[in-house]
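I opened this notebook to record what I looked up in one structure. The entries below follow the order of my reading.

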Number of protein chains: 2
Amino acid sequence: MLEHLGSFKRTHYCGEISEKDLGKDVKVAGWVDTTRDHGGVVFIDLRDRTGKVQVVFSPEISKELVEKAKKLRHEYVVAVEGEVRRRPEGTENPKLKTGNYEIYAKKLQILNRSLPLPFPIEDNVKVSEEVRLKYRFLDLRRPKMAENLLFRHRLYRVVREVFNEEGFVEVETPYLTKSTPEGARDFLVPSRIYPGKFYALPQSPQLFKQILMVAGIDRYYQIARCFRDEDLRADRQPEFTQIDFEMSFVAERDVMAVAEKFIRRAYKELLGIEIGEIPVMTYDEAMSRFGTDRPDTRFGLELKEITDIAKQCNFKVFRSVAEKGGIVKALNFKGGAKLSRKEIDELTKFVGVYGAKGLAWIKVLPDGLQSPIVKFFTEGEMNEILKRLEAEVGDILFFVADKPEVVNAALANLRLKLGKMANLIDESKVNILWVVDFPMFEWNEEEERWEALHHPFTSPKEEDIEKLLENPGAVRARAYDMVLNGVEIGGGSIRIHREDVQEKVFKVIGLSEEEAKERFGFLLEALKYGAPPHGGMAFGLDRLCAIMRGEESIRDVIAFPKTQRGQCLLTGAPDTVREEQLDELHIEVKTKEEGD
Amino acid sequence: MLEHLGSFKRTHYCGEISEKDLGKDVKVAGWVDTTRDHGGVVFIDLRDRTGKVQVVFSPEISKELVEKAKKLRHEYVVAVEGEVRRRPEGTENPKLKTGNYEIYAKKLQILNRSLPLPFPIEDNVKVSEEVRLKYRFLDLRRPKMAENLLFRHRLYRVVREVFNEEGFVEVETPYLTKSTPEGARDFLVPSRIYPGKFYALPQSPQLFKQILMVAGIDRYYQIARCFRDEDLRADRQPEFTQIDFEMSFVAERDVMAVAEKFIRRAYKELLGIEIGEIPVMTYDEAMSRFGTDRPDTRFGLELKEITDIAKQCNFKVFRSVAEKGGIVKALNFKGGAKLSRKEIDELTKFVGVYGAKGLAWIKVLPDGLQSPIVKFFTEGEMNEILKRLEAEVGDILFFVADKPEVVNAALANLRLKLGKMANLIDESKVNILWVVDFPMFEWNEEEERWEALHHPFTSPKEEDIEKLLENPGAVRARAYDMVLNGVEIGGGSIRIHREDVQEKVFKVIGLSEEEAKERFGFLLEALKYGAPPHGGMAFGLDRLCAIMRGEESIRDVIAFPKTQRGQCLLTGAPDTVREEQLDELHIEVKTKEEGD
């Protein structure tokens with residue numbers, strides 16, 4: 001028979017029992033983590049959010065109590081009253097924070113039972129993520145998962161401390177808003193009151209925070225949920241959390257200074273790590289040296305360009321690429337000359353994923369170069385290549401020749417792969433840098449139009465505004481991304497605050513005046529009534545939290561995440577609904593025959 | 001020609017200029033609030049989030065500057081650099097915090113223009129709410145509205161201070177979840193990946209916070225957005241904000257203590273008001289004395305029951321009601337004997353709204369009683385009525401006889417109306433009380449079934465659990481509501497943590513085992529694996545904020561509210577979407593012919 005809590009009132013958390021409680025009567029409550037019967041004395045480890053403490057039920061105190069304690073099973077919920085004693089010498093448990101003490105129980109209330117568990121409540125348990133997500137209420141009892149949620153809570157605190165200190169005003173922006181498809185797909189919410197009309201869940205509070213700047217709020221922040229109905233990519237969630245902020249009357253450095261203050265404080269307060277000076281790298285430099293705008297600078301293995309040599313060499317593959325406006329880049333995998341043919345073939349396949357049609361290589365062996373391509377180069381050319389790549393005996397050089405996007409993507413990913421393979425990455429390092437001076441637009445080959453690289457509210461550099469219509473490709477954006485160990489953890493920009501500039505940018509990306517008005521009319525309207533210069537940024541909180549906790553997946557730092565296919569295995573969402581619900585919303589589900 | 005911000009960096013907010021800045025050069029930025037030309041000297045009031053400061057453009061300093069300043073119009077955005085001086089004697093503006101100072105401009109940058117405004121940026125402006133909502137970016141520049149958002153920000157801070165201090169862990173719960181219709185309608189979100197399936201936006205984080213307790217989080221809080229697709233009632237929003245919290249191993253008093261700490265701190269820190277002891281009133285007492293479970297105790301005018309007298313009197317209307325199980329209650333409107341016949345008729349119409357078929361009355365005049373009903377009572381009966389109602393010369397007594405629900409609703413609302421009419425309510429008072437001991441269920445006449453008065457996860461009182469199935473009407477809930485000046489600002493309960501009790505409650509409210517499993521299977525499942533006793537509460541943040549700010553409408557404390565018909569007049573949401581979007585979601589809009 002289960003007991004009621006009655007007048008029980010906890011005095012301590014389990015993990016808090018310490019020297020100063022010796023001899024005192026305490027009341028604790030929690031879950032039975034383990035139970036042992038040693039010659040008629042029952043020992044349990046009682047667990048709560050803070051940790052575990054040993055509770056002893058001894059016949060010395062009460063035989064009935066011991067009998068009752070014998071009924072306890074894993075994860076039963078109990079309240080215990082007893083005296084804190086020092087454990088007898090030799091029985092201490094140094095692995096436990098409370099390992100020098102035990103509670104001599106005088107009273108036991110069994111508050112709830114538990115069925116046998118689908119998996120044990122311990123870290124590093126071998127169980128599929130599906131089962132963990134279905135039984136999330138058990139999964140979150142595991143110490144590491146509980147600590148993930150506590151860490152996330154502390155991260156929220158740091159966010160708020162920093163932004164409050166800096167005079168930011170927390171404002172909630174709407175979650176039921178207007179669909180302005182740009183980039184990702186919107187989640188839609190049918191309106192009951194307006195048949196055939198829909199709200200959209202916001203992909204970010206971008207437009208609202210800009211409106212808040214026009215409204216004179218001056219400094220805004222919010223830990224905001226964002227929604228993107230994106231195609232399924234590894235470790236994305238349909239809803240995710242952003243640390244979102246915006247400031248008026250500022251330039252890039254002002255926004256970046258606040259972001260730096262936050263990231264420094266977070267690392268210092270939560271992990272005791274001092275972040276040094278945060279370097280700034282241009283987009284061009286990042287692409288040139290690392291082939292990506294989010295370089296992992298914890299290790300070298302940088303890319304070197306040899307397009308100039310390729311242009312004049314006799315190796316047709318390289319030369320024709322170079323002549324057609326492509327590029328040739330290479331990297332030197334130190335000590336990689338021992339790679340087997342099979343391994344090289346695998347790497348060739350790997351770069352193929354990024355569109356590279358081949359992976360040329362040169363091994364630098366004690367007795368000379370070994371390579372299928374060396375013969376196409378003059379000694380002078382080859383010496384220049386070896387010099388540029390600082391090649392030494394034992395190295396292997398890899399080359400990709402193609403359009404710049406392909407070369408960079410292929411070699412950037414190859415670089416990461418080789419870096420991991422050779423253990424070049426010091427996992428204890430926290431390398432943060434800014435990437436700036438992004439191009440404003442990129443050419444979308446498929447749709448044959450310019451697209452905003454960040455978003456169309458990003459301000460072009462002042463000196464580039466004149467080039468907007470004539471030469472969009474040459475326009476640089478006032479954007480900045482923060483990159484942590486090769487992951488973009490935040491990004492932002494100074495925004496457009498002038499209506500004429502905003503209209504030009506919409507024009508460049510192919511929005512007609514009507515379309516622009518239809519989608520973003522309220523922003524254009526707001527820009528007419530005294531919009532101040534402003535800019536801001538957003539951090540991906542889930543990702544940042546995962547990196548700080550050393551978790552591979554953001555799902556491990558979200559209380560109730562969805563699977564990669566967007567399901568909540570705990571509740572069963574999404575699910576069918578009653579026909580009347582759809583009727584009220586004036587929609588119906590299309591049958592396969594009709595559409596699809 | 002507009003200028004760029006360039007290297008301008010603000011040193012002060014406008015409202016911050018003070019004695020210690022005298023003689024210093026400062027840089028300020030903001031909006032031109034007013035502009036005056038006095039004999040070739042241009043004065044502007046420059047405004048930002050913090051207030052206003054006067055800026056002087058004098059030909060003494062630069063004639064070009066004065067010419068430039070003459071171009072300024074209302075709400076132009078400018079940056080100004082200049083020296084802080086004391087205003088000449090006699091020209092101070094005591095209404096302005098900065099009214100003793102002015103900035104002698106040395107530099108002016110015009111950063112943006114503004115069209116003429118649809119309404120002036122000042123408080124108490126006469127403009128429709130529609131226009132205000134459409135131009136929310138201007139509306140929020142009005143000092144009172146800006147202050148509302150700042151106040152709300154400070155309220156968030158108090159919430160977090162209190163709950164962090166008390167060891168609560170902030171956890172984000174999902175916004176894309178499962179539809180479990182109970183009470184209000186759900187907003188639905190069609191799934192692209194699972195044709196014919198839908199997410200629902202949560203009406204509250206109720207089930208997730210209970211799951212967090214089962215997960216051992218122990219103390220959870222969140223400032224959570226909630227979504228209810230309710231029928232349009234005055235001053236409700238389809239999305240609203242809740243201060244949501246939950247605790248394990250607690251009884252009612254523990255939850256109430258945390259709630260009290262929060263409300264005391266909020267009033268003390270934000271308004272300097274000390275909240276005294278918070279009284280606890282039972283549901284029965286509240287209904288008896290005030291006819292409502294959210295009594296406004298700032299004034300008397302309490303209801304008195306006279307059913308016992310009605311039962312035996314000769315006034316058929318009263319007697320037949322009393323004999324059929326109805327009740328008769330009355331209130332004494334002090335000094336109301338001067339009400340005209342017409343005024344009484346209006347009050348009769350008013351109580352009719354709440355279902356009362358009539359409003360009997362007795363005037364106590366110097367020369368005796370005046371009333372259509374006095375003749376039906378014996379002198380003894382009448383004396384008892386007068387005594388019970390403490391009637392004195394000049395009073396009017398009002399009576400309603402009907403079913404208890406009708407009598408209470410009619411007289412509770414009449415009481416409020418009369419209280420306002422006679423100015424009985426001291427608006428400076430902050431009266432907070434708890435209402436407890438609610439019935440667990442109420443009978444839904446239409447659907448002929450028991451309904452949970454709070455929600456079906458509320459725990460019955462321990463001693464009433466046995467009555468659950470036999471006598472649901474007699475079961476009291478472990479629920480508590482906090483009432484502030486007659487408004488329910490928060491409510492909660494100790495929850496059910498035992499599967500068998502939860503199943504019984506589902507049974508009482510008419511859910512079959514299959515339905516219960518289908519809707520709440522994951523909760524029932526969680527209760528099987530060691531669910532601790534737990535309870536919690538939620539405050540309505542929008543409402544609380546509005547009351548604290550003295551705003552009539554919650555829309556005035558929400559940055560981007562929707563109209564009563566659920567529209568966002570700023571963005572135009574909800575709106576039509578592209579056909580392809582619906583195709584991807586496997587839904588189509590029903591035409592009028594097909595459905596509806």
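**Conventions.** I worked from a predicted model, in which local features need pLDDT of at least 70 and side-chain atom pairs count only at pLDDT 80 or more, while totals for chains, interfaces and linings use all residues. Residues are numbered from 1 along each chain as its sequence is written, chains are lettered from A and ligands numbered from 1 in the order in which they are written, and side-chain values use heavy atoms, without hydrogens and water.

**Entry on the sheet.** I looked up an open sheet of five strands in chain A, with antiparallel pairing and the order β12-β13-β16-β14-β15. At its edges I noted β12 (304-305) and β15 (368-370) of chain A; each has a single partner strand, so one side of each is left without a neighbour in the sheet. Strands here are DSSP runs of E, at least two residues long, and helices are runs of H or I, at least four, numbered from the N terminus. Two strands count as paired if DSSP finds at least two bridges between them.

I then followed one pair: β13 (residues 327-333) and β16 (residues 396-402) of chain A are joined antiparallel by seven bridges. Within that pair, V328(A) has A401(A) as its bridge partner.

**Entry on the helices.** Helix α12 (residues 404-421) of chain A packs on the sheet and touches β13 and β16 of chain A; I took contact as heavy atoms within 4.5 Å. The direction of α12 in chain A makes about 5 degrees with that of β13(A). Axes are lines fitted to C-alpha atoms, for helices over the stretch in contact, and angles run from 0 to 180 degrees between N-to-C directions. Helix α9 (residues 316-323) of chain A lies across β13, β14 (360-365) and β16 of chain A, at about 45 degrees to β16(A).

**Entry on the interface.** I found 131 residues of chain A in contact with 131 residues of chain B. Together the chains bury about 12,200 Å², 58% of it on carbon and sulfur atoms; buried area is the accessible area (1.4 Å probe) that two parts lose on being put together, summed over both. E172(A), F249(A) and Y529(A) supply 7% of the area that chain A buries against chain B, more than any other three residues.

I counted 20 salt bridges across the interface of chain A and chain B, each a side-chain nitrogen of Lys or Arg within 4 Å of a carboxyl oxygen of Asp or Glu. One joins R225(B) to E172(A), at 3.0 Å from N to O.
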